[in-house]
Amino acid sequence: MRINLQRGTVLLLAVGAALLALGIACGDTAAIFRKAIFICLECIGIA
């Protein structure tokens, strides 16, 4: 059971890393960062 859990964890980390690399390769980092900042500012009531 523990081996399956470790495989699942490694698989999810690998998929996450691949999607992160794909987003960076497409050049979406600036747009995502801008949206993240705006959402954070809305949460604390500044924007």
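Tutor: A residue is called buried under 20% relative accessible area, exposed over 50%, and partly exposed in between, with a 1.4 Å probe and protein chains only. The model above is predicted, so local features need pLDDT of at least 70 and side-chain atom pairs count only at pLDDT 80 or more, while totals for chains, interfaces and linings use all residues. Residues are numbered from 1 along each chain as its sequence is written, and side-chain values use heavy atoms, with hydrogens and water left out.

Student: What share of the 47 residues in the protein is buried?

Tutor: Buried residues make up 0% of the 47. The accessible surface (Shrake-Rupley method with a 1.4 Å probe; for residues, only the protein chains shown count as cover) comes to about 4,400 Å² for the protein, and carbon and sulfur atoms hold 74% of that area.

Student: How many helices and strands does the secondary structure of the protein have?

Tutor: Helices (H or I, at least four residues) and strands (E, at least two) are DSSP runs, numbered from the N terminus. Here the count is 2 helices and 0 strands, and the C-alpha trace spans about 45 × 25 × 5 Å along its principal axes. Asn4 lies in helix 1, which covers residues 2–26, and with 55% relative accessibility Asn4 counts as exposed. From Asn4 to Ile46 there are 42 residues in sequence and 45 Å in space, C-alpha to C-alpha.

Student: How far does helix 2 reach from its first C-alpha to its last?

Tutor: The expected span of a helix is 1.5 Å times one less than its number of residues. Helix 2, residues 29–44, has 16 residues and reaches 23 Å, close to the 22 Å expected. After helix 2 comes Gly45, whose phi is positive, near 85°.

Student: Which residues make the nonpolar surface patch of about 520 Å²?

Tutor: Patches are made of residues with over 30% relative accessible area and no salt bridge, where like charges are joined within 9 Å and nonpolar side chains (Val, Leu, Ile, Met, Phe, Trp, Tyr) within 5 Å; a salt bridge is a side-chain nitrogen of Lys or Arg within 4 Å of a carboxyl oxygen of Asp or Glu. In this model the patch is formed by Phe33, Ile37, Leu41, Ile44 and Ile46. An α-helix has 3.6 residues a turn, so residues three or four places apart point the same way. Between Ile37 and Gly8 lie 31 Å in space, C-alpha to C-alpha, for 29 residues in sequence.

Student: How many disulfides are there?

Tutor: A disulfide is a pair of cysteine sulfur atoms within 2.5 Å, and by this rule the count is 0. Cys40 is in no disulfide, and its nearest cysteine sulfur, that of Cys43, is 6.2 Å away; Cys43 likewise is in no disulfide, with the sulfur of Cys40 as its nearest cysteine sulfur. Cys40 belongs to helix 2 and is partly exposed, at a relative accessible area of 49%, while Cys43 is exposed, at 66%.
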